[in-house]
Protein chains: 2
Amino acid sequence: MPELRKDPISRRWVIIATERAARPTDFKHEGIEVNDLDRCPFCEGREDRTPPEIYAVRAAGTAPNGKGWTVRVVSNKFPALRIEGSTQRTKVGLFTRMDGVGAHEVIVEATDHHTHLGLLPVEHVVQIIRAYLQRYRDLRGDARFEYALLFRNHGRTAGASLSHPHSQLIALPVVPKRVAEELDAAERHFGQHGVCIYCAILEQEQQGRDRLIFENEAFVALAPYASRFPFETLILPKRHEADFGALPPDQERLLAQALREMLHRLHICLDNPPYNFIIHTLPYRSEAKHAHHWHVEIMPRLTQVAGFEWGSGFYINPVVPEEAARYLREAIPAPMPVGPVSAGRPHGEVGDRMRDS
Amino acid sequence: MPELRKDPISRRWVIIATERAARPTDFKHEGIEVNDLDRCPFCEGREDRTPPEIYAVRAAGTAPNGKGWTVRVVSNKFPALRIEGSTQRTKVGLFTRMDGVGAHEVIVEATDHHTHLGLLPVEHVVQIIRAYLQRYRDLRGDARFEYALLFRNHGRTAGASLSHPHSQLIALPVVPKRVAEELDAAERHFGQHGVCIYCAILEQEQQGRDRLIFENEAFVALAPYASRFPFETLILPKRHEADFGALPPDQERLLAQALREMLHRLHICLDNPPYNFIIHTLPYRSEAKHAHHWHVEIMPRLTQVAGFEWGSGFYINPVVPEEAARYLREAIPAPMPVGPVSAGRPHGEVGDRMRDS
């Protein structure tokens with residue numbers, strides 16, 4: 001019998017197809033195409049093909065916009081939004097419009113065209129997290145921005161137009177619908193129960209344990225109860241914190257470890273699947289620090305979203321979340337220690353520049 | 001300068017990229033693959049490969065589950081939900097679950113494997129609309145069902161796993177999230193302004209006219225102000241009516257004409273693009289007839305939905321809706337009369353069975 005499950009935050013119902021035990025190998029995907037090496041603007045030595053760098057982790061003595069970096073942030077050459085403009089809203093009868101003001105940045109994660117976040121050493125992922133934080137905190141200073149969305153598209157099926165490893169940051173002059181919904185739900189729950197709903201979910205999941213995948217001192221990774229997609233996962237800080245930008249320095253490495261670990265397990269379990277991840281955080285100007293709880297949502301893109309899903313906000317998930325969690329728990333036999341971790345392929349020391357291959 | 005537009009119903013913001021005039025030919029798509037002819041279970045003569053028919057339009061004297069039909073409704077062989085079971089909800093801590101009870105039916109639209117709704121004669125589309133209505137009304141009688149979603153996936157990119165022309169109907173024991181949101185917004189607007197928001201939009205659009213595409217005595221087709229997708233369109237009844245199931249017999253043909261017309265124009269304009277369409281209607285047990293307004297949402301699937309959209313509910317649309325409307329208005333030079341219309345390829349008389357080719 002299929003099962004209907006309701007997500008307590010989005011109030012979205014999901015059909016969980018429990019009848020057939022789907023295995024990771026049941027999901028064929030296109031794979032991660034890497035055929036744009038000769039025209040890639042993000043490879044080392046081609047720094048002049050991007051707008052000037054906004055932030056970079058560089059070897060001592062190297063100059064901006066040249067070789068010698070490990071992580072590099074630039075403006076998107078084809079931005080969805082423009083930095084100049086006003087945020088004044090105008091009404092046209094029933095409709096509301098404003099200028100498309102915002103920032104659209106690209107975080108180039110490594111010089112190596114062929115690697116990805118789940119294969120890099122943890123120390124390198126720490127540099128990427130620091131780049132996220134620096135840009136996230138910096139854009140808060142522009143009073144026109146209400147929200148900054150950090151996300152990553154891996155593979156063409158997940159919307160990546162370039163295969164060189166990169167994430168994106170879009171700062172927006174309005175709070176997006178899904179963020180507002182999450183915040184409303186969190187505030188409603190807090191109003192009724194006096195507790196953050198994410199903290200309550202964490203407590204319940206840490207008791208049940210059948211949807212837990214990984215944890216370290218500061219973070220828990222789990223398969224959500226009402227997962228919309230096969231092998232969907234969440235990473236949550238254990239301690240209540242609404243704002244990603246408030247991440248203390250001593251947790252940067254723990255977040256890098258949790259993120260790298262989950263992406264590595266997905267890589268093993270599903271043979272380098274296309275995926276999106278998104279950092280959900282409190283809007284810049286929100287006061288609801290008590291109710292919200294920042295988190296990372298990772299969504300492998302293995303199934304097609306069709307008319308039913310678009311029309312209803314209802315999803316059909318062919319993999320039971322507890323089964324997905326079990327596969328992902330078992331994907332790596334030994335727990336990975338905090339500290340430098342050997343990736344699938346050799347990389348330079350921290351601070352060294354990564355070689356293109 | 002890109003423009004931000006807010007949809008007054010969903011309160012979703014959309015980035016409209018106004019800088020580059022995108023033309024229909026800018027959108028490459030995979031096309032509609034038709035390679036499953038020899039194993040297609042929906043072709044005439046293979047009626048034993050589907051579950052028994054629930055409804056059919058048949059030539060006089062032909063027996064159920066054999067040849068001689070023009071439109072045929074069967075249960076989905078691999079249903080997302082099962083007809084047996086209870087709708088009792090159980091709480092597991094913070095989570096809610098219930099049995100996956102529902103109906104999942106397939107409306108096979110024609111015997112011809114190679115045609116589609118936008119190419120069939122209007123008289124044939126009338127038969128399809130009647131099949132929709134019969135099944136939609138019939139399932140209302142099952143007190144466990146709260147909503148029935150009628151939708152169509154055209155092409156693999158839009159989620160169709162079989163290329164033979166067909167639509168689907170899923171009856172659900174809960175009101176889906178997106179439907180509940182729409183209804184909430186409509187009731188809020190009615191509470192504040194004493195008028196249906198869709199009626200108000202229709203009035204505004206019929207004055208402005210730059211997003212109107214087509215109209216007949218009973219229906220209007222337009223490009224929504226804050227369209228999420230390039231060439232997205234809506235078909236709305238002109239007279240206020242919340243319930244698709246209440247369609248009067250004298251409007252069946254006008255709806256068939258409007259739907260066929262819009263799908264035909266998309267076919268011409270975008271070279272038979274993949275698309276989804278969805279009928280949005282009042283939940284079976286809702287009392288909010290004054291506030292809601294049923295409609296058909298048609299979404300060509302030309303762009304990739306990536307991390308940004310999933311994480312934010314924000315969309316980037318590279319085509320200005322007014323431009324999309326203009327292309328679709330101009331796609332057919334002469335207005336199409338109500339009445340039998342010649343399709344791109346010859347078809348039999350109304351009531352005759354359609355030939356496989």
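Select Gly307(A) to begin: leaving aside its neighbours within four places in sequence, this glycine is in contact with Phe151(B), Arg152(B), Asn153(B), Ala158(B), Gly159(B), Asn276(B), Phe277(B) and Ile278(B), where contact means that the C-beta atoms of two residues, placed from the backbone, lie within 7 Å. What you have open is a predicted model, in which local features need pLDDT of at least 70 and side-chain atom pairs count only at pLDDT 80 or more, while totals for chains, interfaces and linings use all residues. Residues are numbered from 1 along each chain as its sequence is written, and chains are lettered from A and ligands numbered from 1 in the order in which they are written.

**Gly307(A) and its helix**

Stay on Gly307(A) and display the secondary structure, which places this residue in helix H5 (residues 307-312) of chain A; helices (H or I, at least four residues) and strands (E, at least two) are DSSP runs, numbered from the N terminus. Gly307(A) is buried, because 26 other C-beta atoms lie within 10 Å; the cut-offs are 20 or more such atoms for buried, 12 or fewer for exposed, and anything in between for partly exposed, with C-beta atoms placed from the backbone. If you then pick Val319(A), you will find that its C-alpha atom is 20 Å from that of Gly307(A), although the two residues are 12 apart in sequence.

**Helices H1 and H4 of chain A**

Next, select helix H1 (residues 122-140) of chain A together with H4(A), whose axes come within 8 Å and cross at roughly 110°; the axes are lines fitted to C-alpha atoms, for helices over the stretch in contact, and angles run from 0 to 180 degrees between N-to-C directions. H1(A) is therefore roughly perpendicular to H4(A), a label given to angles of 65 to 115 degrees, whereas those under 35 count as roughly parallel, those over 145 as roughly antiparallel and the rest as oblique.

**The loops at either side of H4(A)**

Move to Ala246(A), in the loop between strand E12 (233-237) and helix H4 (249-270) of chain A, which counts as partly exposed because it has 15 C-beta neighbours inside 10 Å. Its C-alpha atom is separated by 8.9 Å from that of Arg137(A), although the two residues are 109 apart along the chain.

Then select Asp271(A), in the loop between H4 and strand E13 (275-280) of chain A, where phi is near 60°, a positive value in a residue other than glycine. Most residues other than glycine have a negative phi. Asp271(A) is partly exposed, with 14 C-beta neighbours inside 10 Å.

**Helix H6 of chain A**

Now turn to helix H6 (residues 321-330) of chain A and colour its buried residues, which are Pro321(A), Ala324(A), Ala325(A), Tyr327(A) and Leu328(A). Looking down the axis of H6(A), you will see these buried residues fall within an arc of 165°, so they line one face of the helix; the arc is that of the directions from the helix axis to the C-beta atoms. The buried residues of H6(A) pack against strand E10 (212-215), strand E11 (219-222), E12 and H4 of chain A.

**Across to chain B**

Finally, select helix H1 (residues 122-140) and helix H4 (residues 249-270) of chain B, which pack at an angle of about 110° with their axes 8 Å apart. H1(B) passes H4(B) in a right-handed crossing.

End at Asn272(B), in the loop between H4 and strand E13 (275-280) of chain B, where phi is near 55°, a positive value in a residue other than glycine. Asn272(B) is partly exposed, with 17 other C-beta atoms within 10 Å.

Definitions and conventions. Left-handed = near helix turned anticlockwise from the far one by under 90°.
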